[in-house]
Amino acid sequence: MTGQTASSQQTDQRLRLLVGLVACVAGLTLVTAVVVATRMPVTFDLVMRTSALAVLVVLASLAQVYVRIRSTHQAVHWADAALLIAAVLLPAPWAVICAAVGTAAEKAVTRLTPIKSVFAVAKQTITCGLAALILTTGDGMAENPLAHLDLLALAYAAVFLADELLVIPVIAIATRTSARDRFLADLDLRLGAGIVRFAVAVLALAVLAREPQLLIAIPAIVLSLQLTYRGKLRARAERMAWQQLAEATDAMNVVQMETVLHNAVRNGARLFAADRVEVEVWLDGAQQVVRGTHSAITYQGPIDQGEIDPKTTAVVSLVGDNDGENVGELRLCFQSPVALSEREQFTLRAFAGALCTAIRNATSYAQLEHLAGQHQHDATHDLLTGLPNRRRLQLETEDALDRRRGGRGVTALVVLDLNHFKDVNDALGHAAGDQVLIAVAQRLSAAAGQEALVTRLGGDEFAVLLRNLPAPALALYQAEHLLSTLHEPVDVDGMPLVVSASAGVATGPSESGFVELLRRADIAMYQAKRTGRSVAAYAPDNDTADRARLVVGGMLPRAVAEKEFILQFQPIVDLASGEPISAEALARWQHPDKGMVDPRSFLGSIERSGLLTAFTDAVLDQALAGAARWRELGCRWPVAVNISPRSLLDRRLPALVTRRLDDHGLPGDALVLELTESHTVSQLDIVDKVLAELAELGCMIALDDFGTGYSSLSVLSRVPAKELKIDRSFVTQMENTPSAAAVVRSHLELGRHLDLLVVAEGVERDSQRRMLWDLGCTAGQGHLFAKPMPIEEVIALISADDGPVRLAEPLHDPAAVVRMPAKRTPGRTARPSGTTGTTGGERV
């Protein structure tokens, strides 16, 4: 406020100086005119003409149109036309006296302030004297003014220009605006009005010279022109006001509170021609006041309660339309009392409404930005300790590794895990455990230094990123230093607790980035725990992770899409005769670059991925295609396909099987679905529905690796199995291990009682075959009979001769063997000429 007072005082001083200078020039002009007039003969006619023209000057000055500029009103009137008439009809000295007397009388009537009255009288005296001086160069001007039209135009132009040069600087200083802006404002209207006033003055002179009685029409013409000019000014003012209002509201359509308030102050001062604008905001978190002019912000800060003069200040509340919440005030401040017009009041309310909306939008945006920042902070920081979390650690580590590849020091990662922290939670509760974690976080942060990044990975595990180390060996030293800060007991509710930790250190760069570096540090930490050391560095020899399986897992989507999986078929034979009774389809991955990939490296990954359904569909398609081919040759062997327990959770599996059977023209009993025992098979109800639908299709269900799962007997009670497969581990050990032989024997007894076919897997020696036969097993599968082979080899085996296919010599002479009753007999039908066999041997 002190700055505003000083500025006002400086403005008043400059204004008084300029007005005083104009008054001095006018006074000198008036004194000169009076001296010259006293030396001239004075007649009654001259006095009457001078008096009449002085009255004309008064009336012309009273016909005004006011334009408000801030708290100052600029009057636009017809006095210059009257002064031109006086300069033509009167001698130059008397014209000057007439102008001074007439203007003084008009100002006395309107009761303006002294400084404004002095300036107005001085200005009119100077301009009339200038016009009279120019007109003295023409002879007979009063008798025939139209003969000197060019001189009249020059005189009026001088009057108009002098008026502009005298008025504009004074208004610019009084309103603290640009003289250039004041000159350009409504310049076209001012020029047009000046031309009209000159024309009216010339018309009046012509009438007075020739037909004085027509002078009565001049006031009507002047009044009409005055009303027209006033209407144009008002229309332009309203149009400019709405345009400025639109621009001002657009300028507030931003989301930063400071920009909203600054634009409101500047544009408000310009829109309402105010000397100063104040915006006061009362919203929580944004309480402040901003004040300034159209060109500068003079104050922004806490609300300072000061007295408000209602005569010089227009106040409007910033109230929301929807909820009526008052968010602040907008104040237009003037140096002197100002009455806003109805249009200005309406514009002010519209501007205040837009400002209220902009303030609330900016406040909402600030709150959202704060919440977004808080969420971003929470997303990268641990809520308990305030430390950065794994996500932040990953970003910082990857950046550090990129810098390290540029040759900037060594990057290392230290993983720390608290020892026996679970005992603290169990004995003292999780609140005490949280206190320990917070204390550890504080100590690690204090000891790590500015260059390091201390993070909490979760639970009682922390990680410290060390950057720009001169040598890798310093990482171990730094890790030991970090652990040493934990030697002092931690106070938990008055109880001292000794905390220890184990740390693993890994240094970069790592080709796989953060994930690999963290894995190595984690391996080193567990190595430290196993060896009883506090710190251990990563050693490749201690890394037992199967990276090859991870690499293979990444190739699976492409392999499924490119149909790189193929099937090989291993026959299942009748142990007595050595003839095949079925074949198991085994998936193989023929990688274009790596060759044949071990199934153990990709089957588990497929089961855990979203590729299981597509993989199962591809296997079924190839398996049933193979079965269709050997059926064309007269062999009715079913094909066995391994089904993942996860597939049984998919209600679409029966439809998938049906579609593939139909595609290859095969009945349901051409397919055996082998299931491995699992928790999924034995517990979930949805599996029962899927298995029941498969059984309705005629598909046979086999339990693979029976006896190695979760609950074998419960599985048998729920699954409609027709076949049991004894795991190869029992077959391999049964000759030398009584317990394994007992398991095989129990499986065979179970199969006999439940009327199930029992198949022994992994038969590799003839002695195993004979022992299984002696125990009562009728079917087997293994390298003794055949290794898995492509479909073309299976077809070639079938096509070798017209007799039955044998993969091993019979155990006995068929004529000397009494066979056990069987549901199925091995063999095939003879291949009829030109037709496809439809009957043949079945599995035993």
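Guide: Axes are lines fitted to C-alpha atoms, for helices over the stretch in contact, and their angles run from 0 to 180 degrees between N-to-C directions. This is a predicted model, in which local features need pLDDT of at least 70 and side-chain atom pairs count only at pLDDT 80 or more, while totals for chains, interfaces and linings use all residues. Residues are numbered from 1 along each chain as its sequence is written, and side-chain values use heavy atoms, with hydrogens and water left out.

Visitor: How many helices and strands does the chain have?

Guide: The chain has 27 helices and 23 strands; helices (H or I, at least four residues) and strands (E, at least two) are DSSP runs, numbered from the N terminus.

Visitor: What makes H3 and H5 oblique to each other?

Guide: The axes of helix H3, residues 79–89, and H5 come within 9 Å and cross at roughly 40°. Angles under 35 degrees count as roughly parallel, over 145 as roughly antiparallel, 65 to 115 as roughly perpendicular and the rest as oblique, and H3 and H5 are therefore oblique to each other.

Visitor: Which residues in H3 and H5 meet?

Guide: Ala-79, Leu-83, Leu-84, Ala-87 and Val-88 in H3 meet Gln-124, Thr-127, Cys-128, Ala-131, Ala-132 and Leu-135 in H5, where contact means heavy atoms within 4.5 Å. By class, the residues of this contact are 9 nonpolar, 2 polar and no charged; Ala, Val, Leu, Ile, Met, Phe, Trp, Tyr, Cys and Pro count as nonpolar, Asp, Glu, Lys and Arg as charged, and the others, Gly among them, as polar.

Visitor: Why is H2 called oblique to H4?

Guide: Helix H2, residues 44–62, and helix H4, residues 92–110, have axes that come within 8 Å and cross at roughly 45°, and that makes H2 oblique to H4. The crossing of H2 and H4 is right-handed. Among the residues that meet are Leu-46, Thr-50 and Leu-53 in H2, with Trp-94, Cys-98 and Gly-102 in H4, and the contact of H2 with H4 has 9 nonpolar, 5 polar and 1 charged residues.

Visitor: Why is Lys-116 called partly exposed?

Guide: Buried means under 20% relative accessible area, exposed over 50%, and partly exposed in between, with a 1.4 Å probe and protein chains only. Lys-116, which has its place in helix H5, residues 114–135, has a relative accessible area of 38%, so Lys-116 counts as partly exposed. Ala-246, found in helix H9, residues 217–251, is partly exposed because its relative accessible area is 37%. Across the chain, buried residues make up 48% of the 844 residues.

Visitor: How do you know that Lys-725 forms a salt bridge with Glu-584?

Guide: A salt bridge is a side-chain nitrogen of Lys or Arg within 4 Å of a carboxyl oxygen of Asp or Glu, and the closest N and O atoms of Lys-725 and Glu-584 are 3.1 Å apart, which meets that limit. Lys-725 lies in strand E21, residues 721–726, and Glu-584 in strand E16, residues 580–591, so the pair ties together parts that are 141 residues apart in sequence. Lys-725 counts as buried because its relative accessibility is 0%, and Glu-584 counts as buried at 4%.

Visitor: In what do the side chains of Arg-660 and Asp-617 meet?

Guide: The side chains of Arg-660 and Asp-617 meet in a salt bridge at 2.8 Å, N to O. Arg-660 belongs to helix H20, residues 653–663, and Asp-617 to helix H19, residues 612–632, so this pair ties together parts 43 residues apart in sequence. Arg-660 is buried at 16% relative accessibility, and Asp-617 is buried with a relative accessible area of 16%.

Visitor: With which residue does Arg-629 form a salt bridge?

Guide: Arg-629 forms a salt bridge with Glu-792, their closest N and O atoms being 2.8 Å apart. This pair links distant parts of the chain, with Arg-629 in helix H19 and Glu-792 in helix H27, residues 791–798, 163 residues apart. Arg-629 is partly exposed at 33% relative accessible area, and Glu-792 counts as partly exposed at 49%.

Visitor: How many salt bridges does the structure hold?

Guide: The structure holds 25 salt bridges, and Arg-276, Glu-278, Glu-280, Arg-291, Glu-329 and Arg-331 are linked in a network of them.

Terms used: Left-handed = near helix turned anticlockwise from the far one by under 90°.
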